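Welcome, and please have the structure open as you read. This short report walks through how the inside of the chain is put together.

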Amino acid sequence: MSLILFAFVARVRDGLPLSASTDFEYNRELQEKKRQLRTISRALALFPERAAVKGQELNIYLVSSEGVSYMSVCHWSIPAAMAFCFLEDLRWEFTACYNASVVSLADRPYPFLEFDGAIQKLKQQYNRKGGPALQVTLAEVQEDLRLRPPQILTLEELELTNGSANGHTEQQLATSGQSVKLEPVTAPGILSLVLNIMCASLNVIRGVHLIEYTFQCHLYIFHSRLKAAKSLGLLSAIVLCNVFLRELRNAWQIAFHVGVASLSTALTFRRKVQDRSPDCRV
């Protein structure tokens, strides 16, 4: 079995996969480690710059620098210094090919697939020769590890950290609604917007009603914090206003206004936030 089985490069701020080595080996623990890599990549900003996850036969090692994280799955027999030396060499290779601005502008998974050739070459160098060509590099890494040992992470910490990262992401989405991309507007949604505009135009002289239907359109089109509570509150306000206007409107008019408000509320609930990037497996 090879000493270094898999290497993975991801962007720290959002876990976007940038490049990965071609997978030539298969075993159950390797697939589990790759699943853990996906978990780690979702919360890279919460992990230390250097860490390791121990397993039965395979270990995970990671190094983060300048907004990019370099991770590898290695056999347990490889010394930690050798694994981190591999990651340092991988970091130098990657930064020599891609600058920070190119990495920052990447908007799709695995934009640097051509870097796989450099990863494979580096892996072969370590797997066949047992380490880097320059032993002084290994000695430097050993000394650095002695002075600044990597943090050893457990599976429980991975799951908890990933949960925190998901909560953090949801909070960011809630507080920055304008940057969130919602699902495309559907035909019923367009109909709802037209009906809301019609209701608003019929209630120009009633400022409160005009504001209510305007907000209904806003809640459907844009994402906002506590959208569900706002939609229900707005629906309740429209129903209450129509109750007060029951002497000025007949039953059909009241049913029309309440029906439009109910349709808009239902469609607002159904319009979900789109995933910013697909769940890319490694």
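A nonpolar core is a set of buried Ala, Val, Leu, Ile, Met, Phe, Trp, Tyr and Cys residues joined through side-chain atoms within 4.5 Å. Keep in mind that this is a predicted model.

**The cores.** The largest nonpolar core holds 32 residues, and Leu18, Phe86, Leu87, Leu90 and Phe94 touch the most other members. At least two residues of this core come from each of β1, β4, β5, α2, α4 and α5, and α2 gives the most, with nine residues. Apart from this core lies another, of 21 residues, including Leu37, Ala43, Ile60 and Tyr110.

**Two residues and their contacts.**

| Residue | In contact with |
|---|---|
| Leu18 | Val9, Ala10, Arg11, Val68, Phe94, Val103, Ala106, Tyr110, Pro111, Phe112 and Leu113 |
| Ser72 | Phe6, Ala7, Asn59, Ile60, Tyr61, Phe86 and Leu87 |

Where is Ser72 found? Ser72 sits in strand β5, which covers residues 68-75. Ser72 counts as buried because its relative accessible area is 0%, and the cut-off for buried is under 20%.

**Helix α10.** Let us finish with a helix. Helix α10 takes in residues 251-270, 20 residues in total, and its first and last C-alpha are 28 Å apart, close to the 28 Å expected at 1.5 Å a residue. Which residues of α10 are buried? They are His257, Val260, Ala261, Ser264, Thr265, Leu267 and Thr268.

Methods:
Residues are numbered from 1 along each chain as its sequence is written. This is a predicted model: local features need pLDDT of at least 70, side-chain atom pairs count only at pLDDT 80 or more; totals for chains, interfaces and linings use all residues. Side-chain values use heavy atoms; hydrogens and water are left out. Helices (H or I, at least four residues) and strands (E, at least two) are DSSP runs, numbered from the N terminus. The expected span of a helix is 1.5 Å times one less than its number of residues. Buried means under 20% relative accessible area, exposed over 50%, partly exposed in between (1.4 Å probe, protein chains only). Contact means heavy atoms within 4.5 Å. Lists of a residue's contacts leave out its neighbours within four places in sequence.
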